[in-house]
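Dear colleague,

Please find the structure below for your records.

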Amino acid sequence: FDIEEPILDARKAWEMSRDRDEANGIVWLEPAPLNDANGLAVRAADNVGVTFSDLAAWMGAHQDARWCVLGAFTTRSDGMPQLKAVYGLDPANVTTLEYGPQFDAIERGQCDVIQVFTTDARLAAGTLRLLEDDRRALPPYNPAPTVRKDVLEEHPDLQELLRPLTEALTTETMTGLNGRVDIDLVPPDRVAEEFLTEQKLI
């Protein structure tokens, strides 16, 4: 969708997606409670603080701080432009990376601030601090199942069949599942199968 302004209310974002996709014959079912939003993390030892506002103040004295973010985050309306508008954050030293290498880069001292997804289990390792978006600049990202309208009309029970899965996907649960893949190196298909089995969904 072509969206000029970030939508900061999770329900409104879902309703907009539902309404816009109706013309495409796509039905959006109820979203999961998990929020896999964009976030910012720093080294815990750097004494930056705990919020984005603290980071903005810290940047005043550390204008050469190195940021590592995804390329799209630098231009998307819900990325760096939004951080500048809400917090005045406009770093001069920004490197764009694919997602994942920024964790090694900050540990090696090549980055001071990294963009992350908030369900990434590597944030719980103890060496990083996920900062709180205290002024709610960045929008929520709550996933929802989507089904073709014709398929749902033919199989109306799909909505109730999918509901237990959707409700089980909390932020804490997804962080744990991500940890099994990214930290324990368990294959994603095995993690998914074991989770669905534990939830009695298969």
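Two strands are taken to pair if DSSP finds at least two bridges between them; helices (H or I, at least four residues) and strands (E, at least two) are DSSP runs, numbered from the N terminus. The model is predicted, with local features needing pLDDT of at least 70 and side-chain atom pairs counting only at pLDDT 80 or more, while totals for chains, interfaces and linings use all residues. Residues are numbered from 1 along each chain as its sequence is written, and side-chain values use heavy atoms, without hydrogens and water.

Sheet. Five strands form an open sheet with mixed pairing, in the order β4-β3-β5-β2-β6. Because β4 (93-96) and β6 (128-130) stand at the edges with a single partner strand each, one side of each has no neighbour in the sheet. Strand β2 (residues 38-43) pairs with β6 in the antiparallel sense over three bridges, and V42 lies opposite R129 of β6.

Helix. In α2 (residues 52-61), F52, L55, W58 and M59 are buried (under 20% relative accessible area; exposed is over 50%, partly exposed in between, with a 1.4 Å probe and protein chains only). These residues cover an arc of only 110 degrees around the axis, so they lie on the same side of α2; the arc is that of the directions from the helix axis to the C-beta atoms. The face turned away from the buried side carries the exposed residues A57, G60 and A61.

Yours sincerely
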